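Open the model in your viewer and keep the selection panel at hand. Each stop names what to select and what is there.

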Amino acid sequence: MWGAFSSEWIKLQRRSLLLWGFGAGLLFPVLATIFTIERATRTPQLFSGHGIHITYAVLEQPNGLVHGVVDVSSLIGIVSLCLFAAAFATEYSQGTLRNLLVREPRRIQFLIGKFLALVLFILIVVIVAVGVSVALAFILAPGKGISTSAWSSSTGITDMFQAVFHAFLAAVIYGLFGAALGVLLRSPGLSIGIAIAWVIPIEAIIVGAIWSSGSNWLPGRLLAALAHGGNGDSTYYHALLMLAIYAGATAVAILALFRRRDA
Amino acid sequence: MASALSKRYKEVLAVDGVDIDLPAGVVGGFVGPNGAGKTTTIQLLLGLVRPTSGVAKVLGESIAHPERYLRRVGALIESPSFYPALSGRRNLEVLTRLGRLDKSRIDTVLAQVELSARANDRVKTYSLGMKQRLGVAAALLPDPELVILDEPTNGLDPAGIREMRSVMRGLADRGITVLVSSHLLREIEAICDHLMMIDHGRVVFQGPISGLLEAQHTGIVARAEHAADLAKLLALCAAAGKQARIDGDVLRVSAQEGWAAELNRQAFAAGITLSGLEVTRASLEDAFFAITDQDDTERAAEALA
């Protein structure tokens with residue numbers, strides 16, 4: 001397993017992948033942080049589109065530091081999903097899987113080692129994304145007159161670590177689903193396309209038009225709830241339990257398929 | 001090595017009860033037309049695909065447990081596949097780490113295939129021939145006892161083909177068993193000692209190449225100083241019980257090499273001056289088509305029955 005982990009780590013150091021992974025992983029949290037702070041108002045005001053501007057009072061809470069990051073943690077998850085799907089499917093489409101399985105024929109160890117390397121990569125992406133967003137928040141907030149004293153309180157720090165943990169956990173489960181699609185479909189484009197189509201428009205259509213209580217059962221909705229530490233659709237623990245069941249079943253099915261299928 | 005090994009993909013029987021046995025320390029050729037089942041057989045031996053039926057052993061271990069023997073096997077499967085954005089060296093490092101092999105082997109194998117100078121360049125800048133050589137380098141990484149090369153000369157120019165021959169010969173000289181598949185029969189004839197011929201998923205011949213070629217028809221071609229003497233030569237052959245025919249300005253005789261001297265003697269005794277006398281040997285290509293044509297005829301007869 002260590003062999004698979006460490007060999008995958010070489011591939012993850014490709015310049016294009018680093019640029020893409022960190023670029024996409026950082027883009028959404030950074031934009032969200034800038035947007036949240038710059039558009040914050042002292043009193044509640046209607047947003048020109050939908051919803052209302054976030055107020056200074058909300059941002060000055062201990063969890064105000066990671067407000068922007070939490071809002072886009074599902075997007076970090078989608079970045080993770082694309083990364084995992086591409087990493088697994090490309091081995092098939094590029095024809096490199098056969099070379100790898102000749103050197104590591106113990107397929108379960110190979111799959112787990114590769115997965116763990118990607119998990120470590122996405123953990124680094126999440127930590128860097130949150131770190132940059134936090135730094136940016138501390139730089140921008142004083143300029144807007146937003147007090148940051150509660151952010152560095154013990155509650156604020158706990159909230160920040162919780163945000164990192166929830167975003168990371170959601171990203172890993174997104175990644176697991178991406179990896180499963182990559183192994184199943186063996187095409188990076190198809191895997192990513194189907195995954196994004198399911199998580200964004202298809203689940204929205206199902207919940208909006210067919211099955212209103214689907215938010216408690218559909219994986220994309222549950223992942224969004226998990227990434228936010230619970231939301232209006234599902235509590236954190238319900239989302240965690242359901243996703244543990246889905247992820248466990250997916251992992252067992254993919255391990256069985258990969259072990260038996262011709263390479 | 002393999003016994004009654006079969007692989008079926010839905011309606012297609014890609015490998016049909018293959019029995020093969022490759023002696024240790026030889027360069028074995030695995031020949032057959034495209035789609036004959038060579039690559040599938042190789043994939044079965046490497047544990048990449050599961051047999052529908054049959055058993056096989058590689059280096060004494062069952063193919064049901066490839067982890068027990070693949071550390072001692074190097075392989076190049078079909079076209080060489082690498083990560084284009086990584087250098088040749090980094091690609092080999094991926095495989096070295098994965099197989100927990102000795103990292104110092106990377107420089108050794110790069111030198112063996114003469115890629116050291118380009119080792120740090122990205123693979124996407126390599127020519128097909130360089131990728132092929134990198135594939136061979138990857139196969140040599142574990143310092144293997146058995147090397148399996150699937151179409152290693154694909155995409156190589158004549159100089160590259162000659163280099164590849166010398167690499168394979170060098171492996172055999174070091175006591176490494178080499179199994180090389182190809183549809184280029186002249187290549188196989190030039191480098192292999194042992195042959196396995198496959199057609200429509202079935203092994204139609206296996207054994208030493210020399211034995212196969214000796215068993216094939218050899219012939220003698222004679223030229224007379226005066227063309228009119230060819231008829232007399234034909235009569236001499238008939239009297240000796242040899243089949244012969246006049247083909248333009250030569251006489252073609254179906255006979256073993258040793259009879260050429262006898263023909264020369266008899267022609268001299270009959271007052272015929274030969275201006276040329278040569279022995280023709282069947283090539284591997286001739287042997288291949290003789291065997292596969294016979295196999296096709298038998299298959300057609302089976303189908304009709």
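This is a predicted model: local features need pLDDT of at least 70, side-chain atom pairs count only at pLDDT 80 or more; totals for chains, interfaces and linings use all residues.

Residues are numbered from 1 along each chain as its sequence is written, chains are lettered from A and ligands numbered from 1 in the order written, and side-chain values use heavy atoms, without hydrogens and water.

**Interface**

Select the contact between the chains (heavy atoms within 4.5 Å). Chain B gives 34 residues and chain A gives 30. Together they bury about 2800 Å², 59% of it on carbon and sulfur atoms; buried area is the accessible area (1.4 Å probe) lost on being put together, summed over both parts. Now pick B:Leu48, B:Tyr83 and B:Leu98, which supply 26% of the area that chain B buries against chain A, more than any other three residues.

Next, show A:Asp262 and B:Lys7. Their side chains form a salt bridge at 2.8 Å, N to O (Lys or Arg side-chain nitrogen within 4 Å of an Asp or Glu carboxyl oxygen). The count between the chains is one.

**Largest pocket**

Select A:Arg259, B:Arg50, B:Ile63, B:Ala64 and B:Pro66. Of 23 lining residues, these lie nearest the centre of the largest pocket. A pocket is an open set of points on a 1 Å grid over the protein atoms alone, where a 1.4 Å probe fits, with protein on both sides within 12 Å along at least five of seven lines; lining residues have an atom within 4 Å of a point. Its volume is about 500 Å³, the space filled by probe spheres set on the points, joined across faces, edges and corners.

**Second largest pocket**

This pocket holds about 320 Å³. Select A:Arg14, A:Leu17, A:Ala86, A:Ala87 and A:Thr90, the closest to its centre among 18 lining residues.

Note on methods: Buried area is the accessible area (1.4 Å probe) that two parts lose on being put together, summed over both.
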